[in-house]
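Dear colleague,

I am handing over the structure below, together with some notes on what was found in it. Please read the notes with the coordinates open beside you.

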Amino acid sequence: MSEFAMSDEEIFFKWSPDYSVEINTIDNQHQELICILNHLFIAVSRRQADKEIAVILDDLVAYTKTHFALEEKLMQQANYEGFEAHKLEHRKLIERLDQLSKKFLIDEKQIHFELLSFLKLWLKEHIQDSDKKYSSALRNSGFSIAAWEREATAVFMEMVEKTGRWWRKIW
Ligand SMILES: [Fe+2]
């Protein structure tokens, strides 16, 4: 078992097929995000060293930003009418995430749990509402996501190579 192996009772946020937006690449990215969040939960619960928690937090922020940028690119390519509103939701989350992770770096330890529950709730709602909306609009318009999927895969491969971290082996 790896150092990060999770027992069932340690799973903070469990993926459910209900969260699927019916676009594989996006589902994979959401699962990766949830996986990093679960690692953060374990590290916090086990009171791992601040340095180790900071690494996971950094990955979470970097992964979230890249995922949002890719999602926004896809919506833009597909001329999705809800693009601006969706982008605004992403911006607000990034601001809050930056705020909370900075607070963590300064001192307040209880921030961990605030950050974790906030992200879990946000992700659940965002995926089930806003993300499902754009994905069904894209499917209904018949927009082909093949080119975008190739690009998204390449972006994440590069990210994995750069950081040397691979939270969940999917590609
Ligand atoms: Fe989104």
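Two residues are said here to be in contact if their C-beta atoms, placed from the backbone, lie within 7 Å. This is a predicted model, in which local features need pLDDT of at least 70 and side-chain atom pairs count only at pLDDT 80 or more, while totals for chains, interfaces and linings use all residues. Residues are numbered from 1 along each chain as its sequence is written.

By that contact rule, and not counting residues up to four places away in sequence, Leu37 touches Phe12, Phe13, Leu60, Leu116, Leu119 and Lys120. In the protein as a whole, among contacts between residues at least 6 apart in sequence, 72% join residues at least 24 apart.

The secondary structure comes to five helices and zero strands, where helices (H or I, at least four residues) and strands (E, at least two) are DSSP runs numbered from the N terminus. Of the 171 residues, 25% are buried; a residue counts as buried if 20 or more other C-beta atoms lie within 10 Å of its own, as exposed if there are 12 or fewer, and as partly exposed in between.

A nonpolar core is a set of buried Ala, Val, Leu, Ile, Met, Phe, Trp, Tyr and Cys residues joined through C-beta atoms within 7 Å. The largest such core has 15 residues, and those with the most contacts inside it are Ile36, Leu37, Leu40, Ile56 and Leu60. Helix H1 (24-45), helix H2 (50-77) and helix H4 (111-141) are the elements that give two or more residues to this core, and H1 gives the most, with eight residues. Apart from this core lies another, of ten residues, including Leu70, Tyr80, Tyr134 and Ala152.

Ala152 also belongs to the buried residues of H5, together with Trp148 and Phe156. Just after H5, Gly164 takes a positive phi of about 75 degrees.

Lastly, Gln99 is found in helix H3 (residues 83-106) and counts as exposed because it has 12 C-beta neighbours inside 10 Å.

With best wishes
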